[in-house]
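Please look through the sequence and the 3D structure before reading the points.

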Amino acid sequence: MEKENNWFVSAFKPEKRNWKHYFGGFAFVTIFLQLLTGFYIMFFYDPTLDNAYKSIQYISNELFMGSLTRNLHRWIPALMLIAIFIHTVRSLLRKDFLPDRHKKVLWLTGVLFTLPLFLFLATGLIIPWEWKGYFFMEMIPNYFEFLPVVGPAMKKFFIESFTIPRYYVIHVVLLPLISIVLLEYHILRKLKKRIFPYMLKHTVVALPFFILLFVLAVKIPIPSNAEVMPPMPLEGQWVFSPEWIFLTVLLPIMKVKGALVPILSIAFPIVLFLGFAFIPYFLKSKAEASSDATPKKRASNAFIRFWHNLKKTSFRRKVVNFVIVTFITLSFSGLLLFAHYESPTLGCNSCHNIYRGMRMGIPPETFKDRGKNPVLEDNDWMMNHWYYPNEIW
Ligand code: HEC
């Protein structure tokens with residue numbers, strides 16, 4: 001009994017129900033890591049227009065472990081998002097949400113969690129106040145224009161209300177609070193005292209991925225020494241960046257025209273999101289389904305019969321599920337890569353640096369002033385400049 005209570009020993013004991021949510025546990029550890037790295041750089045970041053970029057330069061170039069921490073903080077979301085994606089697909093295939101009402105709440109809180117994640121990405125991009133942050137601050141409000149009725153007023157509101165401290169507070173206070181509430185329902189409440197063994201276990205089994213994370217953070221850092229070593233304009237093509245996730249919704253603005261834009265970038269994501277969030281409420285559980293289906297009706301469905309035969313043994317079921325999950329994940333990551341590989345994730349500093357008179361880190365003359373530079377109003381120009389800065393400027 002003594003041994004049972006020892007969390008260190010129990011950390012290495014296989015426990016069946018944990019492995020069912022291997023990627024969920026994995027995502028949980030990445031969330032914790034993100035919190036830790038964020039906590040460190042938070043102490044050195046100065047959220048004011050004049051000093052934000054300078055403090056980021058200090059963190060990246062001088063602070064002990066600063067560059068590593070900052071780049072980890074940028075790479076962790078990539079792994080987190082993939083883990084959450086796989087966790088969602090697996091839960092969906094297993095229909096984890098069906099057994100009871102409690103499980104439905106788990107699904108709902110999981111899907112809702114994607115909203116703060118999105119806002120973390122957006123605010124996290126803006127606050128370093130590099131040229132990309134400036135771009136986001138000018139570009140995202142434009143996007144609200146496409147909303148019917150309230151659009152123009154919202155656009156004005158987002159431009160005028162922008163200040164770095166506001167977005168910073170959203171990033172480090174508001175969003176973490178919302179996330180903790182959602183995670184409390186989703187996992188924390190269940191873990192309670194098991195939390196440390198649980199995390200240790202998941203860290204141990206995910207070790208190879210965490211090593212990969214360190215390699216990425218060291219080998220592909222954000223160029224932050226532009227004055228000394230400006231990057232090339234197209235640097236970072238093919239390099240995955242968290243902003244891809246956000247920009248996917250904006251891509252239709254660049255790639256298609258007319259009525260399709262609001263459909264693809266507003267209506268479709270909303271329908272997809274709501275559909276996903278409420279899946280458990282319109283899918284029936286096995287018990288419910290078999291009580292209304294007559295045996296004849298069930299037998300006539302050749303596909304379902306085929307499916308059940310395929311998954312008859314637990315080993316076969318595992319293999320089939322593995323293949324499906326891998327296929328779906330690779331297809332989605334492939335589409336994401338295909339849509340965004342041209343974006344030179346790291347190259348903005350090559351032109352937007354002090355030598356070209358386009359300083360980074362301070363608000364340019366055109367800050368919030370579309371009268372001074374009408375291109376800021378032009379969504380097409382903005383998106384094209386992001387993806388093809390060497391051609392469109
Ligand atoms: C090849 C050089 C080059 C690269 C690389 C480059 N830009 Fe630019 N950018 C320019 C030039 C030149 C202008 C001025 C164009 C104008 O005002 O008409 C500009 C203007 C801008 C503006 C509008 C500035 C204003 O007046 O307020 C934004 C925003 C911007 N760039 C963001 C970015 C971002 C984000 C990246 C990286 C994804 C990037 N740029 C990469 C050359 C570049």
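A residue counts as buried when its relative accessible area is under 20%, as exposed when it is over 50%, and as partly exposed in between. Ile270 has 46% relative accessibility, so Ile270 is partly exposed. The model is predicted.

- Ile270 is part of helix α15.
- A nonpolar patch on the surface is formed by Ile270, Leu274, Phe278, Tyr281, Phe282 and Leu283, which together have about 590 Å² of accessible area.
- Two or more residues of this nonpolar patch come from each of α15 (260-277) and α16 (279-282).

**Ligand surroundings**
- The ligand is surrounded by 19 residues, and the closest are Cys348, Cys351, His352, Asn373 and His385.
- At least two residues of the shell around the ligand come from each of α8 (131-143) and α21 (379-387).
- With four residues, α8 gives the most to this shell.

**Polar atoms at the ligand**
- Tyr134 has a polar side-chain atom 2.6 Å from an oxygen atom of the ligand.
- The side chain of Asn373 has an N or O atom 2.5 Å from an oxygen atom of the ligand.
- For His385, a polar side-chain atom lies 2.7 Å from a nitrogen atom of the ligand.

**Cysteines**
- A disulfide is a covalent bond between the sulfur atoms of two cysteines.
- Zero disulfides are found in a search of the whole structure.

Technical notes. Residues numbered from 1 in each chain as written. Predicted model: local features only at pLDDT ≥ 70, side-chain atom pairs only at ≥ 80, totals over all residues. Heavy atoms only, no water. Disulfide = S-S within 2.5 Å. Patch = residues over 30% accessible without salt bridge, like charges linked within 9 Å, V, L, I, M, F, W, Y side chains within 5 Å. Areas by Shrake-Rupley, 256 points an atom, 1.4 Å probe, with all protein chains shown as cover. Salt bridge = Lys/Arg side-chain N within 4 Å of Asp/Glu carboxyl O. Buried < 20%, exposed > 50% of the residue type's maximum accessible area, 1.4 Å probe, protein only. Near = heavy atom within 4 Å. Polar contact = N/O pair within 3.5 Å; in protein donor to acceptor, adjacent residues only side chain to side chain.
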